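Trainee: I am new to this structure and would like to learn how to read it. Could you walk me through it, one feature at a time?

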Amino acid sequence: MSLFNLAFTRQQGGQFVLRVEDTDRARFREDSEAQLYDTLAWLGLHWDEGPDIGGPFAPYRQSERLDTYRPYVDRLIADGHAYHCWCSKERLDQMREIQQKTKQPTGYDRLCVGKTREERAELPGFTETPVVRMLVPDDVPLVFDDVIRGKVSAPRPDDQVILKADGFPTYHLAVVVDDHEMGITHVVRGEEWISSTPKHVLLYRWLGLEPPQFAHMPLLRNTDKSKISKRKNPAARLTWFREQGYLPEALVNFLALLAYPPQQDAEGADVEVFTFEEFSRTFDWAKVNPIGPIFDLKKLEWLNGVHIRALEVGEFASRLLPYLVEAGILGETQSLGELARLKAVAELIQTRMALLTEAPALVGPFFVADDQLEIHDDARGQLKDDAGEVLDAALRVLGDIDDHGEGVLGTGSAWNAAAIEEALRTAIVEGLGIKPRFAFGPLRTAVSGQRISPPLFESMEILGKTSTLNRLRSLRDSL
């Protein structure tokens, strides 16, 4: 919702308002607001007005705007459009149960309409603190215009509670009042709010206010076409994507493709990889597909790999740092030497990764002491009978390469990937007659401890001659 809101707002030169709708105190969580700021900022979806930065219509938390709503409630009561309801929760539960059992439409039975507090107190199911309900007329308009769906029909609403017993408004009253007071022109929300829109339109009409335009977005669905649930699907929690190693720009790209067609190039071919700015530039509500799109994580993973490969190598290395620090491979602060080595390794692995969480396994061997390198069981298990012979040949030939720098500041060493590859191919492929496919498996295991690793010869260059020979010797001694 925020992405599509912001794309339209930026295109139109408008203001994107972040308002915290926290009137449901039963479901209120202290950390939710911070998570909202954190995840939207991580995605680069920056707001122009909000609780944290202020704005011309502050405050932007509904819980701090209670005095704003009360005059509207009083006016609705005075005009006969709303009434006090003293029914207890027990009575309402019992009423609903009877309606369900007798297969009647569920809804408030209007026991309190037209009664004073004293008159209502004489009847069963009374509670001292009333709520305020809308008095929905029989001729309530049920059709409204939607910028995505055109004419939309909604079911007839119940006498909705608009002010709760705790003095907090419900969502329905609060958004109508705030959208008016804050000059909101477009409300973009999920399609589950379609059934509530007639209530909101009615409130606007009663209060003599101009309603905003509504855009009801389709809900995202799992691959089995069920609605995505925060309780059942971890991907419904935005922080999950950061934890899993997705780039924010890849997630924004992916979300922009859900319920919206791809961009097109000059020849009219689909372009699925694009930036938020490109998405915003050509955005059109008419293109939004109202059918709930499938949330396909495989597609997102592919997109993530594309965006990873598009990063400048230094930027890519910096994106890896939080995952390497969390895994204990690097400390909270890094030396210049560690950063230089990380950049060299990043260049090797950038084309091989779909998720940033893959980095610790690939990068770890470059930052561990030679005698601490763990040889994984699957890597050791694939070693053939000739592994010792291969390692011996590699130790002989690599020992002859001079690793002393020849140029300024010790650069230009003969210990480089090209020289290492040439020496090993001569010694193992030609000298021992082992096919290239199988020739370097033992060396890969010795250097990285794993079956799958970054390019071997480049890895040896980064590790340096001493570490490379130490690791080859260590595996040889363990056979």
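Predicted model: local features only at pLDDT ≥ 70, side-chain atom pairs only at ≥ 80, totals over all residues.

Trainee: Gladly. How many helices and strands does the protein chain have?

Mentor: The protein chain has 21 helices and nine strands. Its radius of gyration is 32 Å, well over the 23 Å that the globule rule gives for 479 residues, so the chain is more spread out than a compact globule. Along the principal axes, the C-alpha atoms fill a box of roughly 100 × 50 × 40 Å.

Trainee: What share of the residues counts as buried?

Mentor: A residue is called buried when its relative accessible area is under 20%. Here 45% of the 479 residues count as buried. Among contacts with a separation of 6 or more, 73% are between residues 24 or more positions apart.

Trainee: Now pairs of helices. At what angle do α16 and α17 cross?

Mentor: To read a pair, look at the distance between the axes, then the angle, then the residues that meet. The axes of α16 (residues 387-399) and α17 (residues 417-430) come within 9 Å and cross at roughly 135°. The two helices are therefore oblique to each other, and α16 passes α17 in a right-handed crossing.

Trainee: Which residues of α16 and α17 meet?

Mentor: From α16 come Val390, Ala393, Ala394, Val397 and Leu398, and they meet Ile420, Ala423, Leu424, Ala427 and Ile428 of α17. By class, this contact has 10 nonpolar residues, with no polar and no charged ones.

Trainee: Can we go through another pair? How do the axes of α19 and α21 cross?

Mentor: The axes of α19 (residues 441-448) and α21 (residues 465-478) come within 8 Å and cross at roughly 110°. That makes α19 roughly perpendicular to α21. On the α19 side the contact is made by Pro442, Leu443, Thr445, Ala446 and Val447, and on the α21 side by Arg471, Leu472 and Leu475. These residues divide into six nonpolar, one polar and one charged.

Trainee: What should I look for in the backbone?

Mentor: Most residues other than glycine have a negative phi, and most peptide bonds are trans. Exceptions to such patterns deserve a look. A cis peptide bond joins Ala58 and Pro59, with omega at about 0°. Pro59 lies in the loop between α2 (32-42) and α3.

Trainee: Which phi does Lys103 have, although it is not a glycine?

Mentor: Lys103 has a positive phi of about 60°. This residue is found in the loop between α4 and α5 (117-121), and it is exposed, with a relative accessible area of 75%.

Trainee: Is Ala259 buried or exposed?

Mentor: Ala259 is buried, with a relative accessible area of 8%. Its phi is positive too, at about 75°, although Ala259 is not a glycine. You can find Ala259 in the loop between α9 (248-257) and β8 (263-264).

Trainee: One last residue, please. Where is Gln99?

Mentor: Gln99 is in helix α4, residues 89-101. Gln99 is buried, with a relative accessible area of 8%. Leaving aside neighbours within four places in sequence, Gln99 is in contact with Gln104, Pro105, Thr106 and Gly107.

Technical notes: Residues numbered from 1 in each chain as written. Heavy atoms only, no water. Axes fitted to C-alpha atoms, helices over the stretch in contact; angles between N-to-C directions. Helix = DSSP H or I, 4+ residues; strand = E, 2+ residues; numbered from the N terminus. Parallel < 35°, antiparallel > 145°, perpendicular 65-115°, else oblique. Left-handed = near helix turned anticlockwise from the far one by under 90°. Contact = heavy atoms within 4.5 Å. Nonpolar A, V, L, I, M, F, W, Y, C, P; charged D, E, K, R; others polar. Rg over C-alpha atoms; globule rule 2.2 N^0.38 Å. Buried < 20%, exposed > 50% of the residue type's maximum accessible area, 1.4 Å probe, protein only.
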